[in-house]
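Here is a quick tour of a few local features worth a look. Have the sequence and the fold open side by side as you read.

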Amino acid sequence: MGLPALEFSDCCLDSPQFRERLKSHEAELDKTNKFIKELIKDGKSLIAALKNLSSAKRKFADSLNDFKFRCIGDAETDDEICIAKSLQEFAAVLRNLEDERMRMIENAGEVLITPLEKFRKEQIGAAKEAKKKYDKETEKYCGVLEKHLNLSSKKKESQLQEADSQVDLVRQHFYEVSLEYVFKVQEVQERKMFEFVEPLLAFLQGLFTFYHHGYELAKDFSDFKTELTISIQNTRNRFEGTRSEVESLMRKMKENPHEHKNISPFTMEGYLYVQEKRHFGTTSWVKHYCTYHSESKRITMVPFDQKSGGKGGDDEAIILKSCTRRKTDSIEKRFCFDVEAVDRPGVITMQALSEEDRRLWMEAMDGREPVYNSNKDSQSEGTAQLDIMGFSIVKKCIHAVETRGIHEQGLYRVVGVNSRVQKLLSILMDPKTAETEDDICAEWEIKTITSALKTYLRMLPGPLMMYQFQRSFIKAAKLENQESRTSEIHTLVHRLPEKNRQMLHLLMNHLANVAQNHKQNLMTVANLGVVFGPTLMRPQEETVAAIMDIKFQNIVVEILIENHDKIFNTVPDTPQSNSQLLLSRKKSTDSKPPSCSERPLTLFHTVQPSEKQENRNSIINSSLESVTSSNINSFLHSNSTPQSNMNSSDPDLEVIKPNRPNSLIPPDPTEAFEDVPTSSQTSVEGGSVDERC
């Protein structure tokens, strides 16, 4: 099981569970830091002690063999599996080299020691500094909060307001420091997957160069080296996209944290101070992390000290009977309310952290509906439909790309100017223009057309591969066996509504054609997966865990492109029963894990120009005919059929109504990551080049 994802929304609550997850990440960083430190020491010994080369290399190899990567999430991609087992491969190579008694190691300090020291000092060191700052701010915030809550309510109103403002500033600063620390911890965990392995790969390459007797071993190692290089590059590319998404989410959380809270199973949760009676009539206020569930009226109180990070006693649960606001003149403390329990005698006096916090607790315990931030799709939806016009727009864009720009470098990576993209979409979506113009005129640049196609897909009321199948597709991509992944995705595609499947078929035929020309346009299947994964399978909830699954979305799109002919033109096998499915998965688990050579390399055989033109025309014509005839029939029978063809036999599928608003809503904010020029992009003739390419 990998490390749990740290959600930014948990930084605000700062719950015990969040602290436990954070500790697991910190322990992993400490473990990595110690291992890198030891590895650097061993490397220096290897360079200096030529006479003891054999023993030093064996120790170094043993250190590599003992270390195991832990990735964020519950599953690993093929690239991550390849990278994770790379240390064991390196260790085997070093043991073989020991027999050859090689004595010269040149440039090892530059290619091995320096990058590791740099990673340890700049990345892990920065994470340690962020931890010190986080711990300091935690102590400061808790101290100021306790001092503030002990402030007498009899003081002047101006003094109380000033004290409230000061606490708000300290709380906001603590929240920002917490977000930055969580961001840095997860960034280092992701970076080590490539910044840590690449120096080792370079060191091994240096050994092969300077050791004549290692030539045969280097030749045997070259296949795995190629696979590992591809895996590292793919992991790096995914990291760049994931990091931008996580950083964007962090900025949103900083700007307006209340709009990005996680949907909680509890009606209300947070810290409260509970008044406890001591001996001789004295009382004390103990900090508890409390949760309340309105249906069961159950209140759970966990004594917890944020400064020490540990529990202060046993958990306690009570059943709510009533909740009453405490008058200010009846108690010295502010923000207090009384709670009566069914299963406990007497009154429990609690103190909230602020007036607003008390109001929320009072509303929740009064039996009112909980206040949640509905996790809405940030995408501007409702401006596009899978109707006749929608298919016409997509076919026009595909036809223009395949006839005029199939060889353009960075196809679908290079983006158009947003204003031009919006103008083209408004023309294509205008019913008058759609009837009079069959093709997109040559004045529009290819990058504008490709951006318009991606934007139109994002403007659909829901993702093309639908929210309800999101988790199923991700689970299919996480299967260990490549054949099982393809089979599961094949079945899921045929559960999609007819129009969604037709549109997906049309798009995958086109992307396969683009990938066949990857030598000219540089767009391999892996690159197309990076571009279209988030577009076709955008998640319903924008969380860190969802962002971490982007790499599996890309794998789903890669499988669809590579197997498009089988998936869309053949009927899937009869679904297995639950027992059969569990048995097949057990067999897959018991079998030998696929080697790196079994993973698709996302490269295509390049056919002759005449074959490419013939295949391209036949694919497009057949797809256009099938899609057009299907949509025309659906349109002609729309008066007699109350529901569109979007409904399938699956009862969980939603009905998508063909409503088309006249206005064109601006693209998704995530378009800024892919289709909006930024300062880090190069402007070319009024456009821009996305550096993710």
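## Strand 6 and its neighbours

In this predicted model, strand 6 spans residues 336-341 and is mostly covered, with 5 of its 6 residues buried. On one pairing, strand 6 meets strand 5 (residues 316-325) in the antiparallel sense, over 5 bridges. If you want a spot to check that pairing, look at leucine 320, which stands opposite alanine 341 of strand 6.

Strand 6 also pairs with strand 7 (residues 347-351), again running antiparallel and joined by 5 bridges. Here phenylalanine 337 has methionine 350 in strand 7 as its bridge partner. As background, side chains in a regular strand alternate between the two faces of the sheet.

## The turn between strands 6 and 7

What sits between the two strands of this hairpin? There are 5 residues between strand 6 and strand 7, and glycine 346 in that hairpin takes a positive phi near 85°.

Most residues other than glycine have a negative phi, which makes the next pair worth a glance. Tyrosine 412 has a phi near 75°, a positive value in a residue other than glycine. You'll find tyrosine 412 in the loop between helix 11 (388-404) and strand 8. Is its side of the story buried or exposed? Tyrosine 412 counts as buried because its relative accessible area is 0%.

Then there's methionine 466, also not a glycine, with a positive phi of about 65°. Methionine 466 belongs to the loop between helix 14 (446-458) and helix 15 (470-477). With a relative accessibility of 5%, methionine 466 is counted as buried, since the cut-off for buried is under 20%.

## Valine 417 in its loop

Valine 417 lies in the loop between strand 8 (414-415) and helix 12 (418-428).

How far is valine 417 from serine 451 in sequence and in space? The two are 34 residues apart along the sequence, and their C-alpha atoms are 8.7 Å apart.

## Cysteines

How many disulfides turn up across the whole structure? The search finds 0. As for individual cysteines, cysteine 82 is buried, at a relative accessible area of 1%, whereas cysteine 441 is partly exposed, at 34%.

Conventions. Residues numbered from 1 in each chain as written. Predicted model: local features only at pLDDT ≥ 70, side-chain atom pairs only at ≥ 80, totals over all residues. Heavy atoms only, no water. Buried < 20%, exposed > 50% of the residue type's maximum accessible area, 1.4 Å probe, protein only. Helix = DSSP H or I, 4+ residues; strand = E, 2+ residues; numbered from the N terminus. Pairing = 2+ DSSP bridges. Disulfide = S-S within 2.5 Å.
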